[in-house]
Amino acid sequence: MKVGIVGAGHIGGGIARQLAGAGHELMLAFSRDQETLRALATSIGPTVTVGTPAEAVAFGEVVVISVPWPVLPEALPQLGSLAGKIVIDTTNQFGAPQPPEGRTAAQFNAERMAGARYTKSFNTLTAAFQAQTATRTGDDRIVQWLCGDDAEAKSIVAGLITDAGFVPIDLGGTADAAVMEAPRRAGAVYGEEYRAADATAVVDAVAEGKPIPATPSYQ
Ligand SMILES: NC(=O)c1ccc[n+]([C@@H]2O[C@H](COP(=O)([O-])OP(=O)(O)OC[C@H]3O[C@@H](n4cnc5c(N)ncnc54)[C@H](OP(=O)(O)O)[C@@H]3O)[C@@H](O)[C@H]2O)c1
């Protein structure tokens, strides 16, 4: 697939590397230094190019938005229309503006990305841990939680998560996203390693509005 990456930093750069490795075409965008971005693209490989944020959105069948939360108000207006575009939001709500009381960060961002086929993923684990674990195989692979209100968009994103080296687990709609959102705390999957075998009980608990089971521990 063609994937635009808006913000190719720790997380976005890692996703670019993982997806290029799986044969996808990438366009990287949104940097204060286009030369660094070009160098990153070259270091990843020949299927990776560099463009403006609007070019990356136009290029991508899927667009990854991976900028620091307080930078979103600066980045979003540069993207042009997101109408009909599948978006993967990796951001966490550290900084202003905060989602209103009772709204998840995913709901808040879906509203700020008007018309996008919004999904949220790749946000619960550090970039270093994601880079380290993306090459795992079999039952050791780690879960990337996924939420969104568009089932078809989520199924396409799930395919990309698999290609990146992880196990996609659908946690539900944007209204169900709190459990995968910052901060790290008891009763949430944010900040915790999960493997597929332990994920179903979490999904069931979230669907039933119950507390999730205790965080698993892997030796
Ligand atoms: N880092 C993690 O472990 C982690 C884990 C899960 C989720 N997340 C979330 O994912 C999102 C991206 O995190 P990240 O750690 O990948 O961020 P990052 O490394 O700081 O990357 C941000 C990207 O945005 C670009 N950018 C353009 N204009 C910018 C500006 N005015 N200020 C700052 N950056 C600007 C930066 O490019 P230049 O530097 O070249 O300008 C950089 O490529 C965040 O919302 C974060 O909460 C991060």
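Predicted model: local features only at pLDDT ≥ 70, side-chain atom pairs only at ≥ 80, totals over all residues.
View 1. Residues are numbered from 1 along each chain as its sequence is written, and side-chain values use heavy atoms, with hydrogens and water left out.

**View 2. Polar atoms facing the ligand's oxygens.** Start at His10, where a polar side-chain atom lies 2.6 Å from an oxygen atom of the ligand. Arg32 brings a polar backbone atom, and this one is 2.7 Å from a ligand oxygen. Ala127 also uses its backbone: an N or O atom there lies 2.8 Å from an oxygen atom of the ligand. Of the 880 Å² of accessible area that the ligand has on its own, the protein covers 78%. Those areas come from the Shrake-Rupley method with a 1.4 Å probe, and for residues only the protein chains shown count as cover.

View 3. The ligand sits in the largest pocket. To find pockets, a 1 Å grid is laid over the protein atoms alone, and a pocket is an open set of points with protein on both sides within 12 Å along at least five of seven lines. A molecule sits in a pocket if more than half of its atoms lie within 2 Å of the pocket's grid points.

View 4. His24 is in the loop between α1 (10–21) and β2 (25–29). The helices (H or I, at least four residues) and strands (E, at least two) are DSSP runs, numbered from the N terminus. Is His24 buried or exposed? With a relative accessible area of 7%, His24 is buried; buried means under 20%, exposed means over 50%, and partly exposed is in between (1.4 Å probe, protein chains only). The side chain of His24 makes a polar contact of 2.8 Å with the side chain of Asp163. A polar contact is a pair of N or O atoms within 3.5 Å; within protein, one must be able to donate a hydrogen and the other to accept it, and residues adjacent in sequence count only if both atoms are side-chain atoms.

**View 5. Lys120, a buried lysine in a strand.** Lys120 lies in strand β6. Its relative accessibility is 0%, so Lys120 counts as buried. Which residue does its side chain pair up with? The side chains of Lys120 and Glu181 are joined by a polar contact of 2.9 Å.

**View 6. Two phenylalanines with positive phi.** Phe30 has a phi near 75 degrees, a positive value in a residue other than glycine. You'll find Phe30 in the loop between β2 and α2 (34–44), and at 17% relative accessibility Phe30 counts as buried. Phe122 isn't a glycine either, but has a positive phi of about 60 degrees. Phe122 belongs to the loop between β6 (117–121) and α6 (127–133), and at 2% relative accessibility Phe122 counts as buried.

View 7. The bond from Ala96 to Pro97 is cis, with omega near -5 degrees. Pro97 is in the loop between β5 (86–89) and α5 (105–112). The bond from Ala182 to Pro183 is cis too, with omega near 0 degrees. Look for Pro183 in the loop between β8 (167–172) and α8 (199–207).

**View 8. Two exposed prolines in loops.** Pro46 is in the loop between α2 and β3 (48–50), and at 84% relative accessibility Pro46 counts as exposed. Pro77 is in the loop between α4 (72–75) and β5; at 63% relative accessibility, Pro77 counts as exposed. How far apart are the C-alpha atoms of Pro77 and Arg112? They are separated by 9.9 Å, with the two residues 35 residues apart along the chain.

How values were computed:
1 Å grid on protein atoms, 1.4 Å probe; cavity = no way out; pocket = protein on both sides within 12 Å on 5 of 7 lines; lining within 4 Å.
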